[in-house]
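Please have the viewer open as you read.

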Amino acid sequence: MSGQRTGVYPGTFDPITLGHADIIRRGSKLVDRLILGVTTNPSKDPMFTPQERIAMVEREVAAMGLDNVEVVGFNALLMKFAEVQGASVIIRGLRAVADFEYEYQMAGMNQQLNAGIETVFLMADVGLQPIASKLVKEIALFGGDIARFVSPAVREDVVGRIETLGRRGDY
């Protein structure tokens, strides 16, 4: 695989949304090989286990028909993971100004850790900008319809999990 440009798109993907799918499709055009790094984030309360999220992302990528995209779970420093994968690019999606401020700080820290790996920001499609996994989960937990934010298969996954967890709210 020498000579190929490898990118890493990291995320918790809990659950994977149409916004993630947009960044995956577009990011896969920028590199020869795109690694979707499914990770844990101690500050987030995941609905799905790492193994469930990896399987969900693999299924969604297969449905997109992208043969240059791989899904790999990791629980390490992003730059170490990127180095192990042979990445020269980190791909990040941006939805709003608040995302930019956080991502800009992270890109700066990552550059300090490894200046040989560039961070590329992709703006979310205008129609997908408000979608965030956290909000999708919250809407679903309170009985709202998430069909506009996730694929039908992911919607089934989320609804099934909520049947186990129990719905919230009075209505």
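Helices (H or I, at least four residues) and strands (E, at least two) are DSSP runs, numbered from the N terminus. A word on the source: this is a predicted model, in which local features need pLDDT of at least 70 and side-chain atom pairs count only at pLDDT 80 or more, while totals for chains, interfaces and linings use all residues. Residues are numbered from 1 along each chain as its sequence is written, and side-chain values use heavy atoms, with hydrogens and water left out.

Which residues of H2 are buried? They are Arg53, Met56, Val57, Glu60, Val61 and Met64. These residues cover an arc of only 130° around the axis, which puts them on the same side of H2; the arc is that of the directions from the helix axis to the C-beta atoms. On the other side of H2, Gln51, Ala62 and Ala63 are exposed. Buried means under 20% relative accessible area, exposed over 50%, and partly exposed in between (1.4 Å probe, protein chains only). The cover over the buried residues of H2 includes H1, S2, S3 and helix H6 (152-165), where contact means heavy atoms within 4.5 Å. Just after H2, Gly65 has a positive phi of about 70°.

**Salt bridges**

Side chains of opposite charge can pair when their charged atoms come close. A salt bridge is counted when a side-chain nitrogen of Lys or Arg is within 4 Å of a carboxyl oxygen of Asp or Glu. The whole structure holds 10 salt bridges, including the following pairs.

| Pair | N to O distance |
|---|---|
| Arg26 and Asp22 | 2.8 Å |
| Arg33 and Glu70 | 2.8 Å |
| Glu83 and Lys80 | 4.0 Å |

Arg33 lies in strand S2 (residues 33-39) and Glu70 in strand S3 (residues 69-74), so this pair ties together parts that are 37 residues apart in sequence. Arg33 is buried at 13% relative accessibility, whereas Glu70 is partly exposed at 30%.

Arg26 and Asp22 sit 4 residues apart in helix H1 (residues 18-28), about one helical turn. Here Arg26 is partly exposed at 28%, and Asp22 is buried at 11%. Glu83 and Lys80 are 3 residues apart in helix H3 (residues 78-85), about one turn of the helix.

Finally, back to H2: its buried Glu60 belongs to a network of salt bridges that links Arg59, Glu60 and Asp157.
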